[in-house]
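I opened this notebook to record what I looked up about strand pairing, salt bridges and the nonpolar core. The entries follow in the order of the look-ups.

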Amino acid sequence: MNKLKMAVIGLGHMGRVMIHRLLPQYAERIELVALCDSDESSLQREVEAAGISPRLYTDYRQLLDEVSLDLVYIAVPPSLHYDVAKIAFEKGIHVFCEKPLANSLTEARSLVELAEKADVLHAVHFSLPLEPAVQKLKALLDDQAIGQILKMDLYLEFPQWPRAWQQNPWISSRQQGGYLLEVGIHWIQMIQQLFGPITDVKSEVEFPSDSNQSESRVRAVLRLHNDIEIHLSGTDEREGEERVSLVIHGEEGTLALENWDNLFRSGKEADLQPVPVDDVVSPLPILKQIIQILNGESGIFYNFYDGYNAQVVLEALRKPGEDFTDLRPELMGAKQ
């Protein structure tokens with residue numbers, strides 16, 4: 001079996017995770033042949049730490065023009081996603097992109113169209129729906145463990161933004177960053193996968209006086225296609241540790257996914273109790289699924305349609321209004 005030839009563009013947090021933790025697990029099936037970052041010293045430092053010797057570039061255009069590739073992983077800031085993916089599609093390269101898909105709905109829709117025209121794999125790095133705790137949550141919901149769902153609460157609450165380990169020039173910017181786009185998009189996409197389309201949004205958003213800074217406080221209601229409402233609470237001034245959680249209230253009890261991967265369940269009159277997830281076999285990481293698919297095997301991932309539809313919701317959240325905004329005209333039908 002020939003190895004897939006891959007390039008990583010961008011050496012922020014996710015780019016480093018890719019080259020140091022993920023790619024070494026699949027060294028027999030995929031080869032990192034090129035690496036790009038605008039900081040040349042970062043390139044040298046990371047390849048030395050990883051003990052690898054790909055071709056190094058500071059210009060992604062030059063990399064994509066000179067290197068023969070099967071797959072490119074895009075981990076640059078969101079404002080560059082469109083340019084990198086567009087070139088890759090024009091060259092017939094499969095694309096694995098970090099979220100959010102693009103820096104605007106116009107760019108995101110164009111990327112979906114370019115991906116379809118290129119007829120190549122197009123994946124967004126959404127992994128939350130495939131985490132063991134979410135898989136167990138889905139199984140409990142399918143079994144009607146808490147009866148009919150009445151409402152949900154989504155918490156995106158941080159003592160500071162950005163977090164201490166997330167310091168970079170764009171993560172706190174209103175254009176590309178903020179916890180809605182950086183964290184909220186994972187939860188919105190997961191909700192859309194488990195519960196169906198979010199069709200209406202109403203939000204209140206407070207921004208700092210500095211017009212370059214991202215949101216500080218958010219209160220919103222997201223309405224599903226079946227009229228179930230999700231009440232969103234967001235802040236960058238939470239007391240204590242951060243809380244990133246979804247609480248689902250049903251007629252017969254409650255399910256709570258706390259801080260990404262801690263699942264709890266209660267009955268009508270009982271307190272929340274931990275739910276073990278050790279018995280769940282997750283298909284993660286997404287990279288493994290992509291490798292399987294590109295080698296003609298079965299696999300699962302979330303494509304640019306999923307990325308676009310999540311971005312529709314988040315762009316509506318970032319534009320507050322007194323009434324609900326109907327998102328149905330903007331949503332795209334999902335394609336496998």
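**Entry 1: the open sheet**

I find alanine 123 opposite asparagine 303 in β15. The model is predicted, so I note that local features need pLDDT of at least 70, that side-chain atom pairs count only at pLDDT 80 or more, and that totals for chains, interfaces and linings use all residues. Residues are numbered from 1 along each chain as its sequence is written, and side-chain values use heavy atoms, with hydrogens and water left out.

Strand β6 (residues 122–124) pairs with β15 in the antiparallel sense, over 2 bridges. For the pairing I use the DSSP criterion of at least two bridges between two strands. Helices (H or I, at least four residues) and strands (E, at least two) are DSSP runs, numbered from the N terminus.

I then traced the sheet: 7 strands form an open sheet in the order β3-β2-β1-β4-β5-β6-β15, with mixed pairing. Because β3 (55–57) and β15 (302–303) each have a single partner strand, they stand at the edges, and one side of each is left without a neighbour in the sheet.

I also looked up helix α1 (residues 13–22), which lies across β1 (4–9), β2 (30–36), β4 (71–74) and β5 (94–97). Contact here means heavy atoms within 4.5 Å. The helix runs at about 150 degrees to β1; axes are lines fitted to C-alpha atoms, for helices over the stretch in contact, and angles run from 0 to 180 degrees between N-to-C directions.

**Entry 2: strand β8**

I next listed the partners of β8. Strand β8 (residues 198–206) pairs with strand β9 (residues 217–224) in the antiparallel sense over 8 bridges, and glutamate 206 stands opposite arginine 217 in β9. Strand β16 (residues 325–326) is also antiparallel to β8, joined to it by 2 bridges. In that pairing, valine 201 stands opposite threonine 325 in β16.

**Entry 3: salt bridges**

My search of the whole structure returns 16 salt bridges, each defined as a side-chain nitrogen of Lys or Arg within 4 Å of a carboxyl oxygen of Asp or Glu. I classify accessibility with a 1.4 Å probe on protein chains only: buried is under 20% relative accessible area, exposed is over 50%, and partly exposed is in between.

Which residue forms a salt bridge with lysine 136? I find aspartate 279, at 3.0 Å from N to O. Lysine 136 lies in helix α6 (residues 132–142) and aspartate 279 in the loop between β14 (273–274) and α8 (286–294), so the pair ties together parts that are 143 residues apart in sequence. Lysine 136 is buried at 16%, whereas aspartate 279 is exposed at 57%.

Aspartate 65 and lysine 91 also meet in a salt bridge (3.6 Å, N to O). This pair links distant parts of the chain, 26 residues apart: aspartate 65 is in helix α3 (residues 60–66) and lysine 91 in the loop between α4 (81–90) and β5. I record aspartate 65 as exposed at 56% and lysine 91 as partly exposed at 41%.

**Entry 4: the nonpolar core**

The largest nonpolar core has 114 residues; such a core is a set of buried Ala, Val, Leu, Ile, Met, Phe, Trp, Tyr and Cys residues joined through side-chain atoms within 4.5 Å. Leu156, Trp187, Leu222, Ile248, Leu287 and Phe304 touch the most other members. Helix α7 (residues 179–195) supplies the largest share of this core, 10 residues.

I checked isoleucine 248 separately: not counting residues up to four places away in sequence, its contacts include Leu137, Leu141, Phe195 and Leu255.
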